[in-house]
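Please read them beside the coordinates.

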Amino acid sequence: MYSYVARQPIFNRQQRTVGYELLFRDGENNAFPDIEANKATSRLLVENYMAVGDNAAISGQRTFINFPQDSLLQLLPLLLPKRSIVVEVLETCEPNDALFTAIKLLCQRGYIIALDDFEMSPAWRRFLPYVRIIKLDLIKLGIEKSCDFVNQYRSRKLKFLAEKVETKDEYETALAAGFHFFQGYYFCKPELLKNRQVEPEKLNTVLLLQEICRDPVNFKRIEQIITSDVSLSYLLLRYVNAASNRTVEPISSFRQALVYLGEDKIRLFVGVVATAHAALDKPRELYLMSLQRARMCESLATGSGTREQSHQAFLVGMFSLLDALLDTSLDQLVKVLPLQEDVEAALLHHQGRLGHTLALLEAYDQANWHLVSEYCEQLGIAENAVTRSYQQASRWSEDMLRIQ
């Protein structure tokens, strides 16, 4: 499966590239397709920022991304690194109180705000203290009116970007008028880039796995990901309610589940749910083994006197089969998951205590009893403890499977 995006460079006054505007495409025809604006933005973000693997479209310079009204009100830019993007507020946005609150919050969080295809009206004036860049369409406004606008607002702490610069004369006129940035066919046309991507239904899995690897857990971001996917929401609530036998009333919202479970348990359940989501079209045994390994690694870490590593051990066990679940190499997955160094070393090279624990599990799965004995001796674990851990993990994973 492939995703497509076009990018057009943005130049400064010295004609050096300072960024790229990303333009959504859904095929090899380098033109904006017939698709609703919010859906186009969501797909652009998912396919270029949240997918697995290297992506030339977002490497190096900042990327300018168009955000329509609903995407801004949902604060979608917060899902992206503030040092990598410029938030372009589309000209179709309505300058109401809700949008003002969203723009103010994004600015306070450190995001650069640009107003796209801007035409001044009184309703937009209160937004200007939170805006860094104003983009003026030279074709739509005309070169003379655009230059007059720059001259009128030159005293404000604003940068001006001339877009749709088509000729050398237009560039030189805009340069003399004081524009800071330039974009258009005079410099180059948008370049179409094609990338192989993880299937869309698995991208939320990657996002969730990224979040449970962070310390501390960002509950709000996890909630945003879960609630954007009906199947994930359903799976999580099923798991939580099945495991929550102390509550009087069933848990009916993800926010309620967060409050009830707390950070440690939510890591576990989100990990289980994300793995289940990744395994929807995979053999049952693969998902079962992922859960077994996760629980078994956690149990062995706790029982061997390294309880403080039990969370990392759970991730090592669960992620050890993630390449098979997502049809992507572990090398690529490690690049997008914010793993601690010892977890990464364990997964890729079987190094360190966590790596030796994973190697012990693999030897046990293969009935290589000589290796099992060697690793048990290295880790200071009794061999009968490994058997008990395997039996307990098998029962637990079967219980988890029945909840679905």
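1. Of the 404 residues in the protein chain, 53% are buried, a figure that, like every other in this note, comes from a predicted model. The chain exposes about 19100 Å², of which carbon and sulfur atoms supply 48%.

2. The protein chain holds 18 helices and nine strands. Of its contacts between residues at least 6 apart in sequence, 62% join residues that are at least 24 apart.

3. The largest nonpolar core comprises 59 residues, and Phe 319 and Leu 360 are those with the most contacts inside it. Helix H11 (residues 284-303) contributes the largest share of this core, namely eight residues. Leaving aside residues up to four places away in sequence, Phe 319 touches Leu 209, Cys 213, Leu 330, Leu 337, Leu 339 and Leu 347.

4. Another core, of 44 residues, lies apart from the largest one, and its members include Leu 72, Leu 90, Ile 113 and Val 131.

5. Helix H6 (residues 168-177) deserves a separate look. Its residues Tyr 171, Ala 174 and Ala 177 are buried, and, seen down the axis of H6, the buried residues fall within an arc of 130°, so they line one face of the helix. Asp 169 and Ala 176, on the other side of H6, are exposed.

6. What do the buried residues of H6 pack against? Their partners are helix H5 (143-152), strand E7 (159-163) and strand E8 (181-183). Gly 178 follows H6 and has a positive phi, near 110°.

Technical notes. Residues are numbered from 1 along each chain as its sequence is written. This is a predicted model: local features need pLDDT of at least 70, side-chain atom pairs count only at pLDDT 80 or more; totals for chains, interfaces and linings use all residues. Side-chain values use heavy atoms; hydrogens and water are left out. Helices (H or I, at least four residues) and strands (E, at least two) are DSSP runs, numbered from the N terminus. Buried means under 20% relative accessible area, exposed over 50%, partly exposed in between (1.4 Å probe, protein chains only). Contact means heavy atoms within 4.5 Å. Accessible areas come from the Shrake-Rupley method with a 1.4 Å probe; for residues, only the protein chains shown count as cover. A nonpolar core is a set of buried Ala, Val, Leu, Ile, Met, Phe, Trp, Tyr and Cys residues joined through side-chain atoms within 4.5 Å. The arc is that of the directions from the helix axis to the C-beta atoms.
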